[in-house]
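Subject: Structure for your review

Dear colleague,

Please find below the structure that I am handing over to you.

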Amino acid sequence: MDQQQPSNCEIMLAIAHEAIQRRAARDGYEAGAYDAEHDPEGYVTSLLNALQRWGRRCGIDWHRELTMAQAFFEEDEREADRPDATPLPPPVVAELRCPKCGQADGFVIEVIERPLMFADGTVLQEDAGRYWGDWSYCRCNACQHTGTVYQFRPSHPNAEQKGGPSDG
Ligand SMILES: [Zn+2]
């Protein structure tokens with residue numbers, strides 16, 4: 001009998017449920033007793049507030065986090081819609097296109113670099129020195145629209161069918 005892997009969606013829902021119950025426990029609710037589905041005390045708002053405060057304390061960019069969370073949410077939704085879709089090949093800049101304004105010439109993409117750094121100050125770039133992919137933060141150089149690289153791929157699943165402004 002094969003064990004089915006929980007989907008991303010199910011994992012995220014479990015995390016949210018646990019966080020809401022823990023927040024409720026702070027106010028004296030017994031473990032698991034709070035009505036998290038209807039959230040009468042507004043603990044979802046409270047948790048968002050807590051995360052925003054955490055970001056400010058630790059220097060984490062709240063708006064960037066919201067942008068990335070929205071992008072991952074949309075990506076999960078699309079994958080849930082099309083569980084059998086074949087994975088896309090790695091993205092290339094020449095194929096990116098802003099989902100908002102359609103610009104395709106330039107993008108600000110956040111990359112991970114792993115240079116080899118020596119004690120004497122010498123810095124060598126490894127051959128494959130820069131890593132980026134569908135998960136990377138991406139900003140349109142024309143209209144400043146932000147999202148993940150995945151959202152800037154015209155070929156991503158459902159790109160033509162839904163989401164984004166239509167261009168006539
Ligand atoms: Zn744009």
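Among contacts in the protein chain between residues at least 6 apart in sequence, what percentage join residues at least 24 apart? The figure is 56%. Please keep in mind that this is a predicted model.

**Overall arrangement**

The protein chain contains three helices and seven strands. Read from the N terminus, the order of these elements is α-α-α-β-β-β-β-β-β-β. The chain has 168 residues, of which 11% count as buried.

**Helix 1**

Helix 1 covers residues 8-26. With 19 residues, helix 1 extends 27 Å from its first C-alpha to its last, close to the 27 Å expected at 1.5 Å a residue. Which residues of helix 1 are buried? They are Ile20, Arg23 and Ala24. Viewed down the helix axis, these buried residues fall within an arc of 100°, so they line one face of helix 1. The buried residues of helix 1 pack against helix 2. On the other side of helix 1, the exposed residues are Glu10, Ile11, Ala14, Ile15, Glu18 and Arg26. Just after helix 1 comes Gly28, which takes a positive phi of about 100°.

**From the loop to helix 2**

Gly42 belongs to the loop between helix 1 and helix 2, the latter being residues 43-58. Is Gly42 buried or exposed? Gly42 is exposed, because a residue counts as exposed if 12 or fewer other C-beta atoms lie within 10 Å of its own, and Gly42 has 10. In sequence Gly42 and Ala24 are 18 residues apart, while in space their C-alpha atoms are 9.8 Å apart.

Helix 2 has 16 residues, which should span 22 Å at 1.5 Å a residue; its end C-alpha atoms are 22 Å apart, in agreement with this. The number of buried residues in helix 2 is one, so helix 2 lies largely in the open. Gly59 follows helix 2 and has a positive phi, near 75°.

An open sheet is formed by three strands in the order 1-6-7, with antiparallel pairing. Its edge strands are strand 1 (107-109) and strand 7 (146-148), each of which pairs on one side only. From one strand to the next, the twist averages 30°. Strand 1 and strand 6 (residues 137-140) run antiparallel and are joined by three bridges. Within this pair, Ile109 stands opposite Cys138 of strand 6. Helix 3 (residues 62-81) packs on the sheet, where it touches strand 6 and strand 7, and its direction makes about 50° with that of strand 7.

**The nonpolar cores**

In soluble globular proteins, nonpolar side chains tend to be buried together. Which residues make up the largest nonpolar core of this model? There are eight: Ala71, Leu96, Cys98, Cys138, Cys140, Val149, Tyr150 and Phe152. Apart from this core lies another, of five residues, including Ile20, Ala24, Tyr34 and Ala36. Returning to Cys98, its contacts, leaving aside neighbours within four places in sequence, are Gln103, Cys140, Ala142, Cys143, His145 and Phe152. Of these, Cys140 and Phe152 also belong to the largest core.

Yours sincerely

Conventions: Residues numbered from 1 in each chain as written. Predicted model: local features only at pLDDT ≥ 70, side-chain atom pairs only at ≥ 80, totals over all residues. Core = buried A, V, L, I, M, F, W, Y, C linked by C-beta atoms within 7 Å. Buried ≥ 20, exposed ≤ 12 C-beta atoms within 10 Å, placed from the backbone. Contact = placed C-beta atoms within 7 Å. Helix = DSSP H or I, 4+ residues; strand = E, 2+ residues; numbered from the N terminus. Expected span 1.5 Å × (residues − 1). Arc of directions from axis to C-beta. Pairing = 2+ DSSP bridges. Axes fitted to C-alpha atoms, helices over the stretch in contact; angles between N-to-C directions.
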